[in-house]
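Subject: Structure for your review

Hello,

The structure is below, and my notes on it follow. Please read them with the coordinates open.

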Amino acid sequence: MMTTENELKKIDDKIKLLRNTAEELKSLAENIPAITRNTTRLLASVKMMELNISDCIDFDI
Amino acid sequence: MADKQNYWNLVLETLPLEKLQKLQLNKFLRIFQWAYNNSKFHRSLYEKAGITPDDIQSFEDIRHVPKVEKSMMRDIQKKDPFPYGDALCVPLEEVTEYRQTSGTTGQPVYQPDTWQDWEWWAECWAYLLWAQGYRPADRVFIPFGYNVFVAFWAGHYGAEKIGCEVVPGGVLDTKSRILKIQELRATALMGTPTYILGMADTARNQMGIDPAELTINKITCAGEPGAGIPSTKKRIETAWNAKVYDHAGATEIGAWSYECSHQPGGMHVNEAFFLVEIEDIDTGEIITGPGKRGKMIITALDRVAQPCIRFDSKDIIEWAPESCSCGRTFRIIKGGVVGRADDITKVKGVLLAPSAIEEVVRSINGLGDEYEVIVEKAGDAEKITLKVELMPGSKDRRQSIESKLTDQLRLKTNLRYDIIFNDYGTLPRYEVKAKRFKDMRKK
């Protein structure tokens, strides 16, 4: 039933990449609200993926 | 064993208990640290108790963390920053959502949420809707007056998140809502048990439409205990020819529990997102095993703007002994929320839960859905009056109905009632939280 640890790690790597990319984008476009506000919303979605997967990796569950 | 497609997130929903508890402990520490660092209220509360984040290593340590009550939130919100007060953990400009409690028990409490919190609300709902069989092909009708109360707002966003088509019932009246369900062939519905029963009644008796012949196949009920009361659930399921699922949430807490499609006789607690503790009302000890009712103390493990840490919800619950055939490892609370600590009251020296009366009234054929209970002083004694309605066409069975009602009430509640039969349609109808229990002794 469980997804393997290796699969979870790969998913987590991509989530972390998404966070880094979104944060970089936010700082690059700090004078463009159309980008920064959309990035804020994107980061909220990234957080949900972290709660769903990354927490298990980060807390060594 | 159910297949992977039955879970919104099979990773968390099937975690073995030991791992789930490790996750909860780590997440509790994270939210505690966050509140300690970012809220004057929380830091002061914990400093007074002599607790710092370093002191939390186990569930036993968590039990020493001071509880927060709704009355405390009312005091906090008299302080700056307006209007939320110093439990707020983020700058005001990060708050994107305002909601408030219904005010049933006093001055409403304001609830700020960031966009991340709002995503989290929808995520919690996604767990519950997926577990209840909602899928992208569903067309969900929400007959809710979208306003300052959170109610089904998050259900709307949660249904969107899982890919459903959502029809906002908004300010339409009940008849227009029924016609819209019929016109669009909606497949699912959300509402309070009282209102969903009322809709069925309106359809049948005022519009000549049999709700069982509409296309609704599942209904999510929240806001009242009704969908967890077997006789009420059965009435709704029969009226709509649909599966009815219970859900419990609260403005200050979030969407913390849900019945799954296996209908195990209770609700799963989303233990990946919430830590639920059950406290013995008399001793204050934490009840860890099944079979004993107590008061829920709950922590939302991921809510950041106005954290909910060891909130004294006053909801009465108990752990079920069984696991669920759906395969989720999230524990079940038996029968859902069975009452509230401030509703369960002693009458004639006997503990009385209003939900027990509802269970009896709605189990009797020939009685309408509505009822009213009035407890009052009669000299030195106490008297309970129960008002019920006879269904049209049931008048000739009044004696046998009264006899059955009296017997069942005596059996289920150990109390005697003065029963008044009202004409059908004369007791109050409610759209949101019903107020059917009136304790006049306190006046």
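In this predicted model, chain B has an open sheet of five strands in the order 11-10-12-13-15, with antiparallel pairing. Strand 11 (286–287) and strand 15 (339–340) of chain B are the edge strands, and each of them pairs on one side only.

Going through the sheet pair by pair, strand 10 (residues 274–279) of chain B is joined to strand 11 of chain B by two bridges in the antiparallel sense. B:Ile278 is opposite B:Ile287, which belongs to strand 11 of chain B. Strand 10 of chain B also runs antiparallel to strand 12 of chain B, with six bridges between them; here B:Phe274 stands opposite B:Ala300 of strand 12. Strand 12 of chain B in turn pairs with strand 13 (residues 311–317) of chain B over four bridges, again antiparallel. B:Ile297 faces B:Asp312 in strand 13 of chain B. As for burial, strand 12 (residues 294–300) of chain B is mostly covered, with seven of its seven residues buried.

Next, the aromatic rings. The whole structure holds 15 aromatic pairs over all chains. One of them is B:Trp8 with B:Trp130: the ring centres are 5.6 Å apart and the planes are at 55 degrees, so the pair is tilted. B:Trp8 lies in the segment before helix 1 (10–13) of chain B, while B:Trp130 is in helix 6 (residues 115–131) of chain B, so the contact ties together parts 122 residues apart in sequence. B:Trp8 is partly exposed at 25% relative accessible area, whereas B:Trp130 is buried at 13%.

B:Trp125 and B:Phe152 make another pair, with centres 6.3 Å apart and planes at 65 degrees, so this one is edge-to-face. B:Trp125 is in helix 6 of chain B and B:Phe152 is in the loop between strand 3 (139–142) and helix 7 (153–162) of chain B, so the pair ties together parts that are 27 residues apart in sequence. Both B:Trp125 and B:Phe152 are buried.

The charged end of A:Arg41 sits over the ring of B:Trp115, at 3.7 Å from the ring centre. Within chain B, the charged end of B:Lys218 sits over the ring of B:Tyr134, 5.4 Å from its centre.

How many disulfides are there over all chains? The count is zero. A disulfide is a covalent bond between the sulfur atoms of two cysteines, and the cut-off applied is 2.5 Å between the sulfurs. The sulfur of A:Cys56 has its closest cysteine sulfur in B:Cys124, 15 Å away, which is too far for a bond. For B:Cys124 the closest cysteine sulfur is that of B:Cys308, at 11 Å, also too far for a bond. A:Cys56 is buried, with a relative accessible area of 5%, and B:Cys124 is buried at 0%.

Last, the cavities. There are three cavities of 30 Å³ or more. The largest cavity has about 60 Å³ of space. Its lining consists of B:Val68, B:Met73, B:Gln111, B:Glu252, B:Gln306, B:Pro307, B:Cys308, B:Ile309 and B:Phe311.

Regards

Methods: Residues are numbered from 1 along each chain as its sequence is written. Chains are lettered from A and ligands numbered from 1 in the order in which they are written. This is a predicted model: local features need pLDDT of at least 70, side-chain atom pairs count only at pLDDT 80 or more; totals for chains, interfaces and linings use all residues. Side-chain values use heavy atoms; hydrogens and water are left out. Rings of Phe, Tyr and Trp (its six-membered ring) pair if their centres lie within 6.5 Å; planes under 30 degrees apart count as stacked, over 60 as edge-to-face and the rest as tilted. Buried means under 20% relative accessible area, exposed over 50%, partly exposed in between (1.4 Å probe, protein chains only). A charge sits over a ring if NZ of Lys or CZ of Arg is within 6 Å of the ring centre and within 35 degrees of the ring normal. Two strands pair if DSSP finds at least two bridges between them. On a 1 Å grid over the protein atoms alone, a cavity is a set of points where a 1.4 Å probe fits but cannot get out, and a pocket is an open set with protein on both sides within 12 Å along at least five of seven lines; lining residues have an atom within 4 Å of a point. Grid points are joined across faces, edges and corners, and a volume is the space filled by probe spheres set on the points.
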